[in-house]
Amino acid sequence: MKRILAIESSCDETACAIIDEEMNILSSVVTSQIDVHSRFGGVIPEIASRMHVEQISTIVNEAIMESGYSVDDMDAIAYTIGPGLIGSLHVGGIAAKTLAFFYNKPLIGVHHLKGHIFINELIKPLVYPMMALVVSGGHTELVYIRDEESFEIIGTTLDDAIGEAYDKVARVIGLPYPGGPKIDKLAKEGKKNYQLPTPKVDGLNFSFSGLKNATIQLVKKMESRAEEVNKADLSYAFQETALHVLVDKTKKALELYPCKQVVLAGGVACNSRLRELMTENIKDCDLILPPLKYCTDNATMIACAGMHYLKTGKFVDFDAPSMPSMSIED
């Protein structure tokens with residue numbers, strides 16, 4: 001039975017997990033820095049990397065103890081090689097390389113977004129060709145996956161990622177960071193009251209900057225008139241407009257690239273309304289929604305992807321650099 005120890009540190013979560021080749025989760029430990037970064041309204045890279053340094057040894061040791069195995073029992077050490085914050089990536093990379101060198105284990109550098117995609121294997125086996133809608137604070141992409149070795153970006157955001165737009169709109173109406181979950185919750189109490197423009201971009205690409213700016217300008221105009229903004233109604237208007245764009249583009253992509261399966265991936269995959277809309281609209285092929293607890297960054301997803309790399313012998317050298325702008329096509 002093959003086992004992998006994986007480390008994730010691409011942004012503001014420090015995580016370590018161990019799984020076996022049957023996708024049994026032997027341990028999964030995650031610590032978040034949200035309480036610290038929320039004071040600043042977003043992630044501060046220098047603080048994030050410093051906190052990774054303080055926490056990484058404790059998190060790895062806890063995951064090893066929880067698993068009941070030792071590093072000697074591992075078949076490989078996996079870590080997030082990119083994309084992400086360069087300082088944060090370095091901390092996880094150095095920890096993984098140290099373990100791999102000391103225990104003489106193969107080293108696997110995992111693409112962060114492939115981790116988000118492969119975590120869906122916890123629900124059921126993946127079937128190709130497959131379409132992935134990747135939605136997070138830093139990414140909004142439609143990825144056509146011919147097989148586990150072939151990833152093609154067929155649509156991407158031309159400006160703001162969907163999660164980034166959520167955070168900026170939340171900030172302007174006085175909601176704390178991270179804004180996505182707050183808007184999702186508040187939108188349930190809202191109704192159709194405000195009209196916002198639907199982003200119009202040719203092809204399969206996305207754009208959320210115009211929608212974000214229109215929402216912000218609406219708030220400023222109402223405030224200048226001393227009118228009270230109904231936060232629930234505005235959250236509803238913004239969310240419905242943004243999420244229908246995601247779903248409509250996914251349906252269009254499936255017309256152009258017929259697939260056997262569709263997976264949702266990334267932190268915004270935990271959005272309750274997006275999960276509803278995907279379930280209602282994706283009917284002609286198998287839809288997989290990732291487990292809620294594994295939508296946000298974690299090391300279990302890096303281990304799941306790492307198991308694919310292990311089976312194909314896709315390893316990296318100890319001098320492999322971290323790649324903050326790494327494409328999923330690389």
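Reply: Gln-261 stands opposite Asp-286 in β10. This is a predicted model. β9 and β10 pair in the parallel sense, over three bridges.

Me: What makes β9 and β10 a pair?

Reply: Two strands pair if there are at least two bridges between them. β9 and β10 have three bridges, so they count as paired.

Me: Which strands make up the open sheet, and in what order?

Reply: There are five, in the order β8-β7-β6-β9-β10, and the pairing is mixed.

Me: Why are β8 and β10 called edge strands?

Reply: Each of them pairs on one side only. From one strand to the next, the twist averages 20 degrees.

Me: Which helices lie against these strands?

Reply: α8 packs on the sheet and touches β6, β7, β8 and β9. The direction of α8 makes about 160 degrees with that of β6. Helix α9, residues 272-281, lies across β6, β9 and β10. It runs at about 175 degrees to β9.

Me: Which residues meet where α5 contacts α6?

Reply: Tyr-166, Asp-167, Val-169 and Ala-170 in α5 meet Gly-179, Gly-180 and Ile-183 in α6. These residues divide into four nonpolar, two polar and one charged.

Me: How many aromatic pairs are there?

Reply: A search of the whole structure finds six. One of them joins Tyr-144 and Tyr-257.

Me: Why is the pair of Tyr-144 and Tyr-257 called tilted?

Reply: The centres are 5.0 Å apart, and the planes make 45 degrees. Centres within 6.5 Å count as a pair; planes under 30 degrees are stacked and over 60 edge-to-face, so this pair falls in the rest, tilted.

Me: What does the pair tie together?

Reply: Tyr-144 lies in strand β7, and Tyr-257 in the loop between α8 and β9. The pair therefore ties together parts 113 residues apart in sequence.

Me: What makes Phe-206 and Phe-208 a stacked pair?

Reply: Their ring centres are 6.2 Å apart and their planes are at 10 degrees. Phe-206 is buried at 0% relative accessibility, and Phe-208 is buried at 0%.

How values were computed. Residues are numbered from 1 along each chain as its sequence is written. This is a predicted model: local features need pLDDT of at least 70, side-chain atom pairs count only at pLDDT 80 or more; totals for chains, interfaces and linings use all residues. Side-chain values use heavy atoms; hydrogens and water are left out. Helices (H or I, at least four residues) and strands (E, at least two) are DSSP runs, numbered from the N terminus. Buried means under 20% relative accessible area, exposed over 50%, partly exposed in between (1.4 Å probe, protein chains only). Contact means heavy atoms within 4.5 Å. Ala, Val, Leu, Ile, Met, Phe, Trp, Tyr, Cys and Pro count as nonpolar, Asp, Glu, Lys and Arg as charged, and the others, Gly among them, as polar. Axes are lines fitted to C-alpha atoms, for helices over the stretch in contact, and angles run from 0 to 180 degrees between N-to-C directions.
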